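Please examine the following protein chain.

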Amino acid sequence: MNAIRTDAIVIGAGPVGLYQAFQLGLQEVRVHVVDALPYAGGQCTALYPTKPIYDLPGIVACDGASLTERLLRQLQPLQVPLHLGQVVTQLQRRADTANGGAAPPGDPRFRLQTSAGLVFECDAIVIAAGAGAFLPRKVPLVDLSPWEGDQVRYDEVSPEVWAGHNVVVLGGTASAAECALQIAEGGAAHVTLVHRTDRFDIDAALDERLQSAIGAGWIRLALGQPIGAIAGDDGRLQALEIATADDQRRAVPLDLLLPRLGLSPQLGPIAEWGLALQRKHLPVDTERFATSEPGIFAVGDVNTYPGKRKLIVCGFHEATLAAFAVAQWLRPNERIVLEYTTTSTRLQRLLGVA
Ligand code: FAD
């Protein structure tokens, strides 16, 4: 696949990553954003989409989903490509730039690769990775790795994958309930929902739909915790073994297992890129938000400095100053001046309002 050549990459489309892209756009830095989640908004969308935030400047109350929607709308005129549902896994630098030396003119300093196979070549990176990439929680205690990607799918699956099959959905989350309902309504042979109790961590409307599907027999409920995987002679996964509350073992037969146990953030690859780390955070200075490596900056929950507070408004401030620093890094001979959006026709043209 051909590499995408750009000025900068923002890793993370949480609130701070989105605002970082906006500020870089105002600096006329060409930027792409990548996120592990299939949607933008980071913690705001993944953890509290409907909970109001009361401490955003000038906004009395705004829930996580609305804040994300506003940030995306603000970013829209700058036409920044978002690449969602993929983790930035690899970072390579040109060997001759590793200690801060300049890359030859026109040659990219960094090469990044994602889990979906995209390759970016760029000269600056802003890490806005929060507590790490939000990835599906793996099934604890049971090694399902031989079947992952085939009979065990943590990702979204299309109807042709499950149609006519015996599907087991595992978990008590909203995504487990929605997944079981979607498949039950869409024509799997059988859908079994495995959860440790008959209570689900979901809103009342979804619970009502789920309970009526269970009552009508479209979804079978199996109560218990996974303790093993049962394979056939052909090596195929045949059943999930669960332990019930009264210490019985039970095999739940399946063709396809869809664990939906929620998301957990994993700093993962970023921790292996040789950047200085302090308790899983990236130390930065508070003028440029530069990490230990020239050309790599860090903003939002992922960074640390004396007095750091993990608040959205602090991340927005960091992103603003980091954008000036990135522009200066990319254009070392230029004076990067401050302009107001209220009075600068250059900025207003970029935003499509002049
Ligand atoms: P995040 O929102 O964590 O986003 C980081 C993104 O980076 C994620 O989407 C992740 O998938 C992605 N990512 C990480 N690594 C990779 C990788 N290698 N490849 C691709 N993608 C990657 N703050 C306030 O100011 N006010 C509040 O009222 C408030 N309420 C909160 C309530 C709750 C319940 C929680 C949990 C937090 C709250 N916060 C609040 C904190 C606020 O949500 C965080 O400070 C904010 O989300 C940080 O934004 P971020 O963009 O730095 O990181």
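Predicted model: local features only at pLDDT ≥ 70, side-chain atom pairs only at ≥ 80, totals over all residues.

Q: What makes the unit of strand 2, helix 1 and strand 3 right-handed?
A: A crossover is right-handed if, with the strands pointing away from the viewer, the path from the first strand over the helix to the second runs clockwise. Strand 2, helix 1 (residues 15–26) and strand 3 make a β-α-β unit of this right-handed kind.

Q: Why do strand 6 and strand 21 count as edges of their sheet?
A: The open sheet has 5 strands in the order 6-3-2-10-21, with parallel pairing. Strand 6 and strand 21 (296–298) each have a single partner strand, so one side of each has no neighbour in the sheet. On one side of the order, strand 3 pairs with strand 6 (residues 82–83) over 2 bridges in the parallel sense, and Val-33 has Leu-82 as its bridge partner. Strand 10 (residues 124–127) and strand 21 run parallel and are joined by 3 bridges, with Val-126 opposite Phe-297.

Q: Which helices pack on this sheet?
A: Helix 1 touches strand 2, strand 3 and strand 10, and its direction makes about 175° with that of strand 3. Helix 7 touches strand 2, strand 10 and strand 21, and its direction makes about 165° with that of strand 10. Such angles run from 0 to 180 degrees between N-to-C directions, with axes as lines fitted to C-alpha atoms, for helices over the stretch in contact.

Q: Why is Ile-312 called buried?
A: A residue is buried if 20 or more other C-beta atoms lie within 10 Å of its own, exposed if 12 or fewer, and partly exposed in between, with C-beta atoms placed from the backbone. Ile-312 has 22 C-beta neighbours inside 10 Å, and therefore counts as buried. Ile-312 belongs to helix 7. Leaving out residues up to four places away in sequence, Ile-312 touches Pro-15 and Leu-56; a contact requires C-beta atoms, placed from the backbone, within 7 Å.

Q: Is Ala-271 buried, exposed or in between, and why?
A: Ala-271 has 13 other C-beta atoms within 10 Å, so it is partly exposed. Ala-271 lies in the loop between strand 19 (263–266) and strand 20 (282–283). Not counting residues up to four places away in sequence, Ala-271 touches Leu-277 and Lys-280.

Q: What makes a set of residues a nonpolar core?
A: A nonpolar core is a set of buried Ala, Val, Leu, Ile, Met, Phe, Trp, Tyr and Cys residues joined through C-beta atoms within 7 Å. The largest core here has 56 residues, and those with the most contacts inside it are Ala-8, Ile-125, Val-126, Ile-127 and Val-326. Its largest share, 9 residues, comes from helix 7 (residues 312–330). Another core lies apart from it and has 29 residues, among them Val-167, Leu-170, Ala-180 and Leu-193.

Q: How do you know that strand 12 and strand 13 pair?
A: Strand 12 (residues 166–170) and strand 13 (residues 190–195) run parallel and are joined by 5 bridges. Leu-170 stands opposite Val-194. These strands belong to an open sheet of 4 strands in the order 14-13-12-18, with parallel pairing.

Q: How is the protein chain divided into domains?
A: Domain bounds come from an automatic or database domain assignment. The assignment gives domain 1 (4–135 + 264–350) and domain 2 (138–261). Their centres, taken over C-alpha atoms, are separated by 37 Å.

Definitions and conventions
Residues numbered from 1 in each chain as written. Pairing = 2+ DSSP bridges. Contact = placed C-beta atoms within 7 Å.
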